[in-house]
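Please keep the sequence and the structure in view while reading.

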Amino acid sequence: MGTVEYIQHHLQNNAVCSADNINPATGLCEGFWTFHMDTILISIALGALIILVAARLGKRLEAGAPSGFQNAVEGVLDFVGQQVRDTFPGKNPLIAPLALTIFVWVWLMNFMDLIPVDLLPLLAQMVTGDPHFHLKVVPTTDLNTTMAMALSVFALIIFYNIKVKGLWGFTKMFLFHPFGKFFIPFNIVMTLIEEVSKPLSLGLRLFGNMFAGELVFLLIALIGGTLAVGIGALFWAPLQALLGLGWLIFHILVITLQAFIFMVLTIVYLGMAHTEMDDH
Amino acid sequence: MHYWDAMSDKTDGKMPNLLLISAGSMFTSMVVAGFLVGYWLDSLFDTQPFGLLICGVMGFIGGARKVYDILMKMPHECK
C-alpha cells in the first residue's frame with residue numbers, strides 16, 4: 001500500500017448504504033442515505049461509557065473529602081458549573097447538564113485520536129478477516145458528527161429564542177437588528193446569515209481541528225511505515241516515536257481545548273437566546 | 001442598549017471575552033453562511049448569481065462588524 005492509499009484508507013468511514021447508492025467506479029457509498037457505522041457505533045459506545053461510569057460512581061459516592069476518581073469527576077463538575085454560572089445570564093436547569101454532556105462526550109470522542117492510528121483498524125481487520133476493512137475511530141473527524149451536534153444546539157437556540165422572547169420578539173430580531181427599522185430587507189438577510197453562521201462555526205471548527213490533528217498523526221505514522229527500510233530504520237523509527245509522542249502530548253491540549261470551546265460557545269449562544277433585546 | 005452590552009452586564013463582562021476565542025472562525029463562518037444563504041435565495045427566486053454575490057459581501061461585512069464589536073467589548077487592560 002502506497003502513501004496516498006494509506007491515508008485515503010484511514011480517512012474512509014465504514015459506510016453502509018443501499019445498492020443503488022454505491023458508486024460503481026469506486027465501490028464506495030455515496031449520497032445522503034449513507035450511514036457511517038464506525039462513527040455511529042463508537043459515539044454511542046462512548047456515550048454509553050459515560051452513563052455506565054456515572055451510574056457506578058453514583059452508587060459509591062463518598063461523603064466528606066472524596067478521593068481518586070470521584071475527586072476528578074467533582075473537579076470537572078465544578079469547572080463546568082462555574083462556567084455556566086459565569087456566562088449564562090438566566091436560569092435554566094437544562095444548561096449545566098447539557099454543557100457537561102457536551103464537554104465530556106466531545107472530549108471522549110476527541111480522545112480516540114490519541115489511540116495509535118493503526119491499532120484499532122488493524123484489530124478490526126484481524127477480527128473480520130477483511131484486509132480492506134475501513135474503520136475511522138475518531139467520530140469528531142467525521143463532519144456528520146460535528147454538524148449533527150452543532151445543528152442540535154442550533155435547534156435549542158431557536159427553541160429558546162422563541163420561548164423566551166416570544167414569536168414576535170424573535171421576529172423583531174430579524175426585522176430590526178442590526179441596522180434599525182429603515183433597512184428591514186437587509187436586516188432579515190443579515191440576521192439570517194448571522195444565525196446560520198452559529199452552527200457552521202461550531203461544527204466546522206471542531207471538525208477542522210480534529211481532522212487536521214488526525215492527518216498529522218497519519219503523516220507521522222508514515223515516517224516509520226514507508227521510510228524505515230533497512231539500516232534507515234535506525235534513524236526513522238526513533239524519529240517517528242519522538243514526533244508521535246510530541247504531537248500526542250500537544251494533542252491532549254488540543255482535544256481538551258476543542259471540547260471546552262464547543263461547550264462554552266453552546267452556553268454563550270443559549271445565553272444570547274435567553275437575553276431580551278431592546279428595540280433600536 | 002446594544003445586544004451584547006445587555007449580555008455583558010448580566011455576566012460581568014465575561015460573555016464577550018469568551019466569544020473572543022471564536023472571533024476568527026466567527027468571521028469566516030459568517031462569509032460561508034453568507035454564500036449559503038445567497039445560494040438558497042438564488043434557488044428560491046431564480047436570481048443567480050446576484051444573491052450569492054450580495055449575500056457573500058454581506059457576510060463579509062457582517063463578520064467584520066461582529067468581530068469589531070466583540071473586540072471593542074474587551075477589557076481595557078487587554079487591548
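A residue counts as buried when its relative accessible area is under 20%, as exposed when that area is over 50%, and as partly exposed in between. By this cut-off, 42% of the 280 residues in chain A are buried. The model is predicted.

**Chains**

- Chain A contains eight helices and two strands, which follow one another along the sequence as α-β-β-α-α-α-α-α-α-α.
- The C-alpha trace of chain A extends over about 75 × 60 × 35 Å along its principal axes.
- When contacts in chain A between residues at least 6 apart in sequence are taken, 70% of them link residues at least 24 apart.
- Chain B has four helices and zero strands, giving the pattern α-α-α-α along the sequence.
- Of the 79 residues in chain B, 46% are buried.
- For chain B, 55% of the contacts between residues at least 6 apart in sequence link residues at least 24 apart.

**Nonpolar cores**

- The largest nonpolar core holds 52 residues, and the members that touch the most others are Met263(A), Tyr269(A) and Leu19(B).
- Two or more residues of this core come from each of these chain A helices: H1 (3-10), H2 (37-59), H3 (68-87), H4 (95-111), H6 (143-176), H7 (184-227) and H8 (233-273).
- Helix H2 (14-19) of chain B also gives two or more residues to this core.
- H8(A) supplies the largest share of the core, with 14 residues.
- Beyond four places in sequence, Tyr269(A) touches Ile157(A), Lys198(A), Ser201(A) and Leu202(A), and also Leu19(B) and Met26(B) from chain B.

**Helix pair H4(A) and H6(A)**

- How do the axes of H4(A) and H6(A) cross? They come within 13 Å of each other and cross at roughly 175°.
- An angle over 145 degrees counts as roughly antiparallel, so H4(A) and H6(A) are roughly antiparallel to each other.
- On the H4(A) side the contact involves Leu98(A), Ile102(A), Trp105(A), Val106(A) and Met109(A).
- On the H6(A) side the contact involves Thr145(A), Met149(A), Val153(A) and Leu156(A).
- By residue type, the contact of H4(A) with H6(A) has eight nonpolar residues, one polar residue and no charged residue.

**Asn92(A)**

- Asn92(A) sits in the loop between H3 and H4 of chain A.
- Is Asn92(A) buried or exposed? Its relative accessibility is 17%, so Asn92(A) counts as buried.
- Which side chain makes a polar contact with the side chain of Asn92(A)? The partner is Tyr160(A), at 3.3 Å.
- Apart from neighbours within four places in sequence, Asn92(A) is in contact with Tyr160(A) and His274(A).

**Phe60(B)**

- Phe60(B) lies in helix H4 (residues 50-72) of chain B.
- With a relative accessible area of 47%, Phe60(B) is partly exposed.
- Setting aside residues up to four places away in sequence, Phe60(B) touches Phe27(B) and Val31(B).
- Between Phe60(B) and Asp42(B) the separation is 18 residues in sequence and 18 Å in space, taken from C-alpha to C-alpha.

Notes
Residues are numbered from 1 along each chain as its sequence is written. Chains are lettered from A and ligands numbered from 1 in the order in which they are written. This is a predicted model: local features need pLDDT of at least 70, side-chain atom pairs count only at pLDDT 80 or more; totals for chains, interfaces and linings use all residues. Side-chain values use heavy atoms; hydrogens and water are left out. A nonpolar core is a set of buried Ala, Val, Leu, Ile, Met, Phe, Trp, Tyr and Cys residues joined through side-chain atoms within 4.5 Å. Buried means under 20% relative accessible area, exposed over 50%, partly exposed in between (1.4 Å probe, protein chains only). Contact means heavy atoms within 4.5 Å. Axes are lines fitted to C-alpha atoms, for helices over the stretch in contact, and angles run from 0 to 180 degrees between N-to-C directions. Angles under 35 degrees count as roughly parallel, over 145 as roughly antiparallel, 65 to 115 as roughly perpendicular and the rest as oblique. Ala, Val, Leu, Ile, Met, Phe, Trp, Tyr, Cys and Pro count as nonpolar, Asp, Glu, Lys and Arg as charged, and the others, Gly among them, as polar. A polar contact is a pair of N or O atoms within 3.5 Å; within protein, one must be able to donate a hydrogen and the other to accept it, and residues adjacent in sequence count only if both atoms are side-chain atoms.
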